[in-house]
Amino acid sequence: MTRVLVTGAGGAAGVAVIRALVADGIETVAADPDPLAAGCHLSAEHVALPYATDDDFAGAVVRAAAASRVDAVICTVAEEMPALVTVVADLEAVGAATWLPPLDAVLTCIDKQRFATAVAAAGLPAPTTRSGSADGVPGPWIVKPRFGRGSRSVCAVDDAADLAEAIRRTPDAIVQTRCTGREFTVDVLSDRSGSVVGLVPRWRLETKAGISTKGETFSDERVTALVRATIAALGLLGACNVQGFVDDDRDAVDLLEVNPRFSGGLPLALAAGADLVGEFLRGTLGLPIRPERLTHRDGVVMTRHLTEVFLEPSPVAS
(Lines give C-alpha, C1' and ligand atoms only; values in the text may rest on other atoms or scores of the structure.)
Protein backbone atom coordinates (compact mmCIF):
# COMPACT_ATOMS: atom_id res chain seq x y z
CA MET A 1 0.00 0.00 0.00
CA THR A 2 1.22 3.49 -0.86
CA ARG A 3 2.24 5.63 2.12
CA VAL A 4 2.40 9.42 1.86
CA LEU A 5 3.81 12.06 4.21
CA VAL A 6 1.89 15.36 4.00
CA THR A 7 3.44 18.54 5.40
CA GLY A 8 1.43 21.48 6.67
CA ALA A 9 -1.15 19.30 8.41
CA GLY A 10 -2.43 22.29 10.37
CA GLY A 11 -3.45 24.30 7.31
CA ALA A 12 -6.62 24.11 5.25
CA ALA A 13 -4.73 22.75 2.23
CA GLY A 14 -2.97 20.11 4.30
CA VAL A 15 -6.23 18.95 5.89
CA ALA A 16 -7.91 18.77 2.46
CA VAL A 17 -5.07 16.68 0.99
CA ILE A 18 -5.00 14.34 3.99
CA ARG A 19 -8.76 13.80 3.85
CA ALA A 20 -8.65 13.07 0.13
CA LEU A 21 -5.82 10.56 0.53
CA VAL A 22 -7.45 8.82 3.48
CA ALA A 23 -10.73 8.59 1.56
CA ASP A 24 -8.83 6.84 -1.24
CA GLY A 25 -7.38 4.31 1.18
CA ILE A 26 -3.87 5.79 1.12
CA GLU A 27 -1.87 5.40 4.31
CA THR A 28 -1.09 8.96 5.37
CA VAL A 29 1.51 10.35 7.74
CA ALA A 30 0.67 13.92 8.73
CA ALA A 31 3.51 16.32 9.55
CA ASP A 32 3.34 19.70 11.28
CA PRO A 33 5.20 21.69 13.95
CA ASP A 34 2.02 21.63 16.08
CA PRO A 35 1.22 18.17 17.48
CA LEU A 36 -2.39 19.32 17.96
CA ALA A 37 -2.82 20.32 14.30
CA ALA A 38 -6.15 18.90 13.14
CA GLY A 39 -4.66 17.06 10.18
CA CYS A 40 -2.34 15.15 12.49
CA HIS A 41 -5.36 13.46 14.01
CA LEU A 42 -7.11 12.73 10.72
CA SER A 43 -4.22 10.43 9.80
CA ALA A 44 -3.27 7.08 11.23
CA GLU A 45 0.18 8.49 12.03
CA HIS A 46 1.73 11.89 12.55
CA VAL A 47 5.18 13.33 13.11
CA ALA A 48 6.46 16.65 14.43
CA LEU A 49 8.54 18.90 12.18
CA PRO A 50 10.31 22.18 12.87
CA TYR A 51 9.11 25.30 11.08
CA ALA A 52 10.33 25.97 7.55
CA THR A 53 12.54 28.78 8.88
CA ASP A 54 14.50 26.31 11.01
CA ASP A 55 17.89 25.32 9.55
CA ASP A 56 17.10 21.67 10.25
CA PHE A 57 13.68 21.66 8.56
CA ALA A 58 14.72 19.88 5.35
CA GLY A 59 16.82 17.34 7.22
CA ALA A 60 13.92 16.66 9.58
CA VAL A 61 11.64 15.92 6.61
CA VAL A 62 14.17 13.43 5.22
CA ARG A 63 14.47 11.70 8.59
CA ALA A 64 10.69 11.58 9.01
CA ALA A 65 10.24 10.15 5.52
CA ALA A 66 12.84 7.47 6.22
CA ALA A 67 11.47 6.56 9.64
CA SER A 68 7.89 6.43 8.37
CA ARG A 69 8.89 4.44 5.26
CA VAL A 70 6.76 6.61 2.97
CA ASP A 71 6.67 6.35 -0.81
CA ALA A 72 6.02 10.05 -1.39
CA VAL A 73 6.12 13.45 0.31
CA ILE A 74 3.45 16.05 -0.55
CA CYS A 75 4.24 19.60 0.54
CA THR A 76 1.25 21.91 1.10
CA VAL A 77 3.19 24.98 2.34
CA ALA A 78 4.89 27.14 -0.29
CA GLU A 79 7.40 28.56 2.18
CA GLU A 80 8.71 25.03 2.86
CA MET A 81 9.48 24.35 -0.80
CA PRO A 82 12.80 26.23 -1.17
CA ALA A 83 14.29 24.08 1.60
CA LEU A 84 12.79 20.85 0.27
CA VAL A 85 14.21 21.46 -3.21
CA THR A 86 17.68 21.03 -1.70
CA VAL A 87 16.94 17.52 -0.38
CA VAL A 88 15.05 15.94 -3.29
CA ALA A 89 17.93 13.50 -3.90
CA ASP A 90 18.08 12.65 -0.18
CA LEU A 91 14.35 11.93 -0.15
CA GLU A 92 14.67 9.74 -3.23
CA ALA A 93 17.51 7.87 -1.52
CA VAL A 94 15.16 6.86 1.31
CA GLY A 95 12.43 5.88 -1.18
CA ALA A 96 10.27 9.02 -0.98
CA ALA A 97 9.29 10.61 -4.28
CA THR A 98 8.51 14.33 -4.50
CA TRP A 99 7.08 16.68 -7.09
CA LEU A 100 8.06 20.27 -6.41
CA PRO A 101 7.85 23.28 -8.74
CA PRO A 102 11.14 24.79 -9.97
CA LEU A 103 12.80 26.89 -7.27
CA ASP A 104 12.66 30.07 -9.36
CA ALA A 105 8.90 29.69 -9.83
CA VAL A 106 8.38 29.18 -6.09
CA LEU A 107 10.47 32.23 -5.18
CA THR A 108 8.54 34.32 -7.70
CA CYS A 109 5.18 33.27 -6.31
CA ILE A 110 5.96 33.89 -2.63
CA ASP A 111 7.47 37.35 -3.28
CA LYS A 112 4.60 39.62 -4.34
CA GLN A 113 6.84 42.32 -5.83
CA ARG A 114 8.89 39.80 -7.79
CA PHE A 115 5.62 38.23 -8.94
CA ALA A 116 4.28 41.60 -10.14
CA THR A 117 7.50 42.23 -12.07
CA ALA A 118 7.36 38.78 -13.72
CA VAL A 119 3.70 39.17 -14.64
CA ALA A 120 4.30 42.60 -16.16
CA ALA A 121 7.26 41.28 -18.17
CA ALA A 122 5.04 38.49 -19.53
CA GLY A 123 2.34 40.98 -20.54
CA LEU A 124 -0.31 39.37 -18.35
CA PRO A 125 -3.20 41.54 -17.13
CA ALA A 126 -2.70 42.40 -13.46
CA PRO A 127 -3.17 45.35 -11.08
CA THR A 128 -0.52 48.07 -11.05
CA THR A 129 1.90 47.33 -8.18
CA ARG A 130 4.67 49.28 -6.51
CA SER A 131 6.87 48.52 -3.52
CA GLY A 132 6.74 50.94 -0.57
CA SER A 133 4.96 53.72 -2.43
CA ALA A 134 1.70 54.53 -4.22
CA ASP A 135 3.40 56.73 -6.82
CA GLY A 136 1.93 55.89 -10.20
CA VAL A 137 -0.59 53.45 -8.70
CA PRO A 138 -4.20 54.45 -9.40
CA GLY A 139 -6.67 54.08 -6.52
CA PRO A 140 -8.52 52.72 -4.74
CA TRP A 141 -5.71 50.66 -3.26
CA ILE A 142 -4.73 47.48 -1.49
CA VAL A 143 -1.71 47.67 0.83
CA LYS A 144 -0.21 44.33 1.89
CA PRO A 145 3.09 42.74 2.95
CA ARG A 146 5.49 41.77 0.20
CA PHE A 147 5.85 38.40 1.91
CA GLY A 148 2.64 37.22 3.49
CA ARG A 149 -0.18 34.72 3.33
CA GLY A 150 -3.76 34.26 4.44
CA SER A 151 -4.68 37.95 3.96
CA ARG A 152 -2.67 38.87 7.05
CA SER A 153 -2.04 42.64 7.39
CA VAL A 154 -3.89 43.34 4.11
CA CYS A 155 -5.51 46.79 4.16
CA ALA A 156 -8.03 48.32 1.73
CA VAL A 157 -7.56 52.09 1.32
CA ASP A 158 -10.06 54.41 -0.35
CA ASP A 159 -8.70 57.82 0.63
CA ALA A 160 -5.25 58.92 -0.55
CA ALA A 161 -4.79 60.71 2.79
CA ASP A 162 -4.74 57.31 4.54
CA LEU A 163 -2.14 55.69 2.30
CA ALA A 164 0.98 56.84 4.14
CA GLU A 165 -0.23 55.40 7.45
CA ALA A 166 -1.28 52.11 5.83
CA ILE A 167 2.16 51.76 4.21
CA ARG A 168 3.92 52.67 7.46
CA ARG A 169 2.21 49.98 9.52
CA THR A 170 2.50 47.23 6.88
CA PRO A 171 5.79 45.27 6.96
CA ASP A 172 7.69 45.59 3.67
CA ALA A 173 4.58 47.05 2.08
CA ILE A 174 3.51 46.85 -1.53
CA VAL A 175 0.69 48.95 -2.96
CA GLN A 176 -1.69 47.73 -5.66
CA THR A 177 -4.67 49.11 -7.49
CA ARG A 178 -7.69 47.31 -6.06
CA CYS A 179 -9.19 44.82 -8.51
CA THR A 180 -12.85 45.10 -9.48
CA GLY A 181 -15.41 42.45 -10.33
CA ARG A 182 -15.86 38.89 -9.01
CA GLU A 183 -13.00 37.13 -7.29
CA PHE A 184 -12.03 33.62 -8.36
CA THR A 185 -9.51 30.89 -7.61
CA VAL A 186 -8.53 28.16 -10.06
CA ASP A 187 -7.16 24.87 -8.77
CA VAL A 188 -4.66 23.69 -11.38
CA LEU A 189 -2.63 20.58 -12.14
CA SER A 190 0.14 20.72 -14.74
CA ASP A 191 2.21 17.78 -15.94
CA ARG A 192 6.00 17.58 -15.87
CA SER A 193 6.25 19.28 -19.25
CA GLY A 194 4.32 22.29 -17.88
CA SER A 195 1.11 21.56 -19.82
CA VAL A 196 -2.09 22.19 -17.90
CA VAL A 197 -3.96 18.88 -17.68
CA GLY A 198 -6.73 19.91 -15.30
CA LEU A 199 -8.21 23.07 -13.85
CA VAL A 200 -11.26 23.93 -11.77
CA PRO A 201 -12.31 27.60 -11.53
CA ARG A 202 -14.46 28.61 -8.58
CA TRP A 203 -15.95 31.89 -7.47
CA ARG A 204 -14.86 33.03 -4.03
CA LEU A 205 -18.31 33.94 -2.75
CA GLU A 206 -17.05 34.53 0.79
CA THR A 207 -13.60 34.46 2.38
CA LYS A 208 -12.37 34.61 5.95
CA ALA A 209 -8.68 35.07 6.82
CA GLY A 210 -7.82 34.46 3.17
CA ILE A 211 -9.61 31.08 3.03
CA SER A 212 -12.69 30.53 0.87
CA THR A 213 -15.68 29.72 3.09
CA LYS A 214 -18.31 29.84 0.34
CA GLY A 215 -17.66 29.10 -3.33
CA GLU A 216 -19.14 27.86 -6.58
CA THR A 217 -17.49 26.13 -9.52
CA PHE A 218 -17.80 27.62 -13.01
CA SER A 219 -16.18 27.66 -16.44
CA ASP A 220 -15.00 30.69 -18.41
CA GLU A 221 -12.72 30.54 -21.46
CA ARG A 222 -11.18 33.90 -20.55
CA VAL A 223 -10.12 32.54 -17.16
CA THR A 224 -8.84 29.30 -18.69
CA ALA A 225 -6.72 31.23 -21.20
CA LEU A 226 -5.23 33.42 -18.46
CA VAL A 227 -4.42 30.38 -16.31
CA ARG A 228 -2.62 28.60 -19.14
CA ALA A 229 -0.64 31.73 -20.01
CA THR A 230 0.29 32.25 -16.35
CA ILE A 231 1.52 28.68 -15.85
CA ALA A 232 3.63 28.95 -19.00
CA ALA A 233 5.08 32.35 -18.03
CA LEU A 234 6.07 31.26 -14.51
CA GLY A 235 7.24 27.77 -15.44
CA LEU A 236 5.10 26.06 -12.82
CA LEU A 237 4.69 22.30 -12.56
CA GLY A 238 2.37 20.14 -10.48
CA ALA A 239 -0.34 21.61 -8.24
CA CYS A 240 -0.98 25.32 -7.85
CA ASN A 241 -3.83 27.78 -7.52
CA VAL A 242 -4.32 30.95 -9.52
CA GLN A 243 -6.31 33.88 -8.10
CA GLY A 244 -7.83 36.83 -9.90
CA PHE A 245 -10.92 38.83 -10.78
CA VAL A 246 -13.41 38.79 -13.63
CA ASP A 247 -14.94 42.20 -14.40
CA ASP A 248 -17.73 41.70 -16.92
CA ASP A 249 -18.36 45.44 -17.16
CA ARG A 250 -14.87 45.83 -18.62
CA ASP A 251 -14.84 42.36 -20.22
CA ALA A 252 -11.56 41.88 -18.37
CA VAL A 253 -9.82 39.18 -16.35
CA ASP A 254 -7.04 40.30 -13.98
CA LEU A 255 -4.41 38.08 -12.39
CA LEU A 256 -3.88 38.72 -8.68
CA GLU A 257 -1.51 36.03 -7.40
CA VAL A 258 -0.44 32.40 -7.70
CA ASN A 259 0.27 29.93 -4.90
CA PRO A 260 2.55 27.06 -6.01
CA ARG A 261 0.66 24.50 -3.90
CA PHE A 262 -2.78 23.06 -3.27
CA SER A 263 -5.33 25.63 -2.10
CA GLY A 264 -7.39 25.84 1.05
CA GLY A 265 -10.52 25.71 -1.10
CA LEU A 266 -9.46 22.41 -2.67
CA PRO A 267 -12.43 20.42 -1.24
CA LEU A 268 -14.79 22.21 -3.63
CA ALA A 269 -12.75 21.20 -6.67
CA LEU A 270 -12.67 17.62 -5.40
CA ALA A 271 -16.43 17.59 -4.74
CA ALA A 272 -17.02 18.86 -8.28
CA GLY A 273 -15.39 15.71 -9.62
CA ALA A 274 -11.73 16.60 -10.30
CA ASP A 275 -9.40 14.10 -8.61
CA LEU A 276 -6.57 16.59 -8.28
CA VAL A 277 -4.97 14.91 -5.27
CA GLY A 278 -5.09 11.40 -6.69
CA GLU A 279 -3.64 12.46 -10.04
CA PHE A 280 -0.99 14.62 -8.35
CA LEU A 281 0.07 11.56 -6.36
CA ARG A 282 0.27 9.52 -9.58
CA GLY A 283 2.47 12.21 -11.11
CA THR A 284 4.65 12.25 -7.99
CA LEU A 285 5.16 8.50 -8.28
CA GLY A 286 6.09 8.81 -11.97
CA LEU A 287 2.80 7.51 -13.34
CA PRO A 288 0.97 9.21 -16.22
CA ILE A 289 -1.70 11.74 -15.25
CA ARG A 290 -5.19 10.95 -16.56
CA PRO A 291 -6.92 14.12 -17.81
CA GLU A 292 -10.28 12.34 -17.88
CA ARG A 293 -10.08 12.19 -14.07
CA LEU A 294 -9.70 15.98 -13.84
CA THR A 295 -12.96 17.22 -15.35
CA HIS A 296 -15.47 19.03 -13.13
CA ARG A 297 -19.12 20.01 -12.88
CA ASP A 298 -20.09 23.68 -12.94
CA GLY A 299 -22.48 25.10 -10.35
CA VAL A 300 -21.32 22.98 -7.39
CA VAL A 301 -21.56 25.17 -4.28
CA MET A 302 -19.53 24.83 -1.08
CA THR A 303 -20.43 26.41 2.24
CA ARG A 304 -18.10 25.72 5.16
CA HIS A 305 -18.59 25.34 8.88
CA LEU A 306 -16.36 24.64 11.85
CA THR A 307 -15.87 21.06 12.89
CA GLU A 308 -13.97 19.44 15.72
CA VAL A 309 -11.46 16.64 16.20
CA PHE A 310 -11.44 15.09 19.69
CA LEU A 311 -8.49 13.30 21.27
CA GLU A 312 -8.95 10.76 24.01
CA PRO A 313 -6.64 10.93 27.03
CA SER A 314 -3.64 8.63 26.82
CA PRO A 315 -3.99 5.59 29.09
CA VAL A 316 -1.94 5.85 32.25
CA ALA A 317 0.41 2.91 32.76
CA SER A 318 -0.21 1.13 36.03
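Modeller: Arginine 168 counts as exposed because its relative accessibility is 60%; buried means under 20% relative accessible area, exposed over 50%, and partly exposed in between, with a 1.4 Å probe and protein chains only. This is a predicted model, in which local features need pLDDT of at least 70, side-chain atom pairs count only at pLDDT 80 or more, and totals for chains, interfaces and linings use all residues. Residues are numbered from 1 along each chain as its sequence is written, and side-chain values use heavy atoms, leaving out hydrogens and water.

Biologist: With which residue does arginine 168 meet in a salt bridge?

Modeller: Side chains of opposite charge can pair when their charged atoms come close. The criterion is a side-chain nitrogen of Lys or Arg within 4 Å of a carboxyl oxygen of Asp or Glu. Here the partner is glutamate 165, at 2.6 Å from N to O. Glutamate 165 is partly exposed because its relative accessibility is 36%.

Biologist: How many salt bridges does the structure hold?

Modeller: It holds 20. One of them joins aspartate 247 to arginine 250 at 3.1 Å, N to O. Aspartate 247 is buried, at 9% relative accessibility, whereas arginine 250, at 44%, is partly exposed. Shared partners also link Asp275, Glu279, Arg282, Arg290 and Arg293 into one salt-bridge network.
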